[in-house]
Amino acid sequence: MIDVTEQKQRVAVIGGGITGLAAAFYLQKEAKEKKLPLEIVLIESSHRLGGKIQTVRKENFIIERGPNSFIDNNNSMAKLVKDLGIEDQLIRSEAGQRYITVNDKLYPVPVGSILGIPTKFSSFLASDIVSWSGKIRATCDLWFPRSRIQEDQPLGKFIRRRFGKETVENIIEPLLLGVSSGDIEQLSLQATFPELIEMEKEYRSLMTGMKKALTVISHDSKGIEDRPYQTFINGLETLIEALEGRLIDTTILKSVKVESIAKTAHQVTLSLNNKSSIAADAVILATPHLITQKMFAKQGLLQGLQDIPLTTIATVSMAFPIEAMDDSFTGSGFNVARNSDFSITSCSWVHRKWPSSVPEGYALLEVYIGRSGDEAIVDLSDGEIEKIVLQDLNRVTPLKGSPLFTVVSRWKEAMPQYKVGHAQRVKLAKQELNEHYPAMKLVGSSYEGTSLPNCVDQARNAVDELLIKLFE
């Protein structure tokens with residue numbers, strides 16, 4: 001058993017994905033800057049760090065198996081990147097027209113759409129993606145009263161009441177959900193898009209609220225496009241490599257699993273799968289929620305976390321010679337409306353969004369498949385998945401020949417879904433944990449946001465709260 005030294009407080013970070021890595025990094029940074037007697041141990045069950053962030057560097061192609069970029073609305077990633085000293089490796093996506101596929105036909109996303117909500121009526125009314133009756137129904141948002149529902153409600157119910165079925169299905173849902181594969185009829189409005197609630201309260205109309213938001217953004221910066229998707233010139237794993245490289249004062253244990261957690265006199269004991277144990281004064285739990293819950297199974301804690309469902313998706317990256325592309329399609333990619341008979345949910349022309357990720361003369365397409373309630377496709381063989389994806393793509397924009405190579409990445413039961421009541425569910429879990437283990441924090445994509453910036457924010461907040469508890 002590893003014991004804590006008399007002089008130092010030990011914090012164990014369980015989980016080596018982006019959240020756990022960020023937590024360990026900021027613990028180390030605070031300890032050094034404030035001269036805190038802190039010892040940090042990062043425990044990861046797999047042989048590598050980074051979790052879902054996995055970059056394949058193959059024949060001068062940069063291919064992402066998991067997340068491919070981020071939008072840094074709160075500058076949390078910018079701060080982390082600056083602290084790591086890798087600002088010079090950041091790149092921004094090239095501007096490009098996004099499309100939505102409805103019934104085998106591509107429609108450009110109307111100019112001025114934010115989260116699928118129209119802000120420029122001329123562009124929305126000129127679009128053929130919604131019928132005239134659908135457009136008239138959508139503009140009712142300008143006059144409809146505020147919702148009287150005080151409790152949490154399904155995201156789909158909320159936006160359909162304001163814009164009608166057709167606009168929601170053809171524009172808003174494909175853009176709101178993107179590649180998350182969630183079910184809009186079950187997702188929590190409060191946990192997924194709380195800003196829509198506040199916008200309705202303040203402006204009544206979401207269209208009006210979005211126009212105001214666009215005006216503020218345009219006034220404060222160069223415009224809405226000033227906050228593009230970002231990544232690194234050598235892929236997102238650059239961030240993971242930088243974090244791991246900077247954790248010089250942190251003990252990192254890979255291929256080690258925490259099987260259970262128990263309370264001792266003034267500490268907690270982490271029992272590991274290698275038959276050893278670690279004593280700690282504080283713990284940051286940055287593992288997926290079902291794994292976290294299993295650590296407390298003997299104590300019957302955190303049972304409510306089992307009510308957070310997980311969905312399965314896969315990414316399919318295909319490389320082609322550039323001449324295989326259809327010249328008539330000039331967009332950067334498309335999302336697929338759920339009412340369309342497609343297996344794929346979205347596709348990006350990586351060579352247009354991120355030209356440096358692809359060698360000259362070649363094209364790279366990144367496709368997502370699998371959505372809530374329709375996940376069986378992910379269990380097919382790579383060859384079968386490639387065939388289905390090519391059939392879908394050729395229905396939209398013809399491709400010449402077969403791909404030079406295909407990389408299929410499966411993420412089984414890996415995408416947490418924030419169902420109605422999620423915020424309350426998480427609140428109760430954190431309260432329950434705090435009652436039994438005051439120096440323990442739940443963080444990660446299962447709880448308060450799935451984006452990379454959300455995960456970094458959770459890590460930083462957990463570090464601040466634990467250090468106050470330990471040293472003030």
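**Figure 1. Strand β2 and its burial in the predicted model.** Six of the six residues of β2 are buried, so the strand is largely enclosed by the rest of the structure; buried denotes under 20% relative accessible area, exposed over 50% and partly exposed in between, for a 1.4 Å probe and protein chains only. On one face of β2 lie L38, I40 and L42, on the other E39, V41 and I43, and every one of these residues is buried. Helices (H or I, at least four residues) and strands (E, at least two) are DSSP runs numbered from the N terminus. This is a predicted model, in which local features need pLDDT of at least 70 and side-chain atom pairs count only at pLDDT 80 or more, whereas totals for chains, interfaces and linings use all residues. Residues are numbered from 1 along each chain as its sequence is written, and side-chain values use heavy atoms, with hydrogens and water left out.

**Figure 2. The five-stranded parallel sheet.** An open sheet with parallel pairing contains five strands in the order β9-β2-β1-β13-β19; two strands pair if DSSP finds at least two bridges between them. Its edge strands, each pairing on one side only, are β9 (250-253) and β19. Neighbouring strands of the sheet are turned by 15° against each other on average, direction ignored. Axes are lines fitted to C-alpha atoms, for helices over the stretch in contact, and angles run from 0 to 180 degrees between N-to-C directions. Six bridges connect β1 with β2 in the parallel sense, and V13 has L42 in β2 as its bridge partner. Strands β13 and β19 run parallel and are joined by three bridges, with I284 standing opposite K441 in β19.

Figure 3. Helix α15 comprises 20 residues (452-471) and reaches 29 Å from its first C-alpha to its last. This span is close to the 28 Å expected at 1.5 Å a residue, the expectation being 1.5 Å times one less than the number of residues. Which residues of α15 are buried? They are L452, P453, C455, V456, Q458, A459, A462, V463, L466, L467 and L470. The buried residues of the helix pack against β1 (9-14), α1 (18-33), β2 (38-43), α2 (76-84), β13 (282-285) and β19 (440-442); contact means heavy atoms within 4.5 Å.

**Figure 4. The three-stranded antiparallel sheet.** Strands β10, β11 and β12 form an open sheet in the order β10-β11-β12, and their pairing is antiparallel. The edges are β10 (258-263) and β12 (277-280), each of which pairs on one side only. From one strand to the next, the twist averages 20°. Strand β11 (residues 268-272) runs antiparallel to β12 and is joined to it by four bridges. S271 stands opposite S277 in β12.

Figure 5. D104, which is not a glycine, has a positive phi of about 70°. This residue lies in the loop between β6 (98-102) and β7 (105-108), and its relative accessibility of 39% places D104 in the partly exposed class. E413, likewise a residue other than glycine, has a positive phi near 45°. E413 belongs to strand β18 (residues 405-416) and, at 56% relative accessibility, counts as exposed.

**Figure 6. S113 and its separation from L404.** S113 is located in the loop between β7 and α3 (121-126). With a relative accessible area of 21%, S113 is partly exposed. S113 and L404 are 291 residues apart in sequence, and their C-alpha atoms are 36 Å apart in space.

**Figure 7. The chain surrounding the close-up views.** The secondary structure of the chain comprises 15 helices and 19 strands. The radius of gyration is 23 Å, close to the 23 Å that the globule rule gives for 472 residues, so the chain is as compact as a globular protein of that length. This radius is taken over C-alpha atoms, and the rule is 2.2 Å times the number of residues to the power 0.38. Along the principal axes, the C-alpha atoms fill a box of roughly 70 × 55 × 45 Å. Of the 472 residues, 52% are buried.
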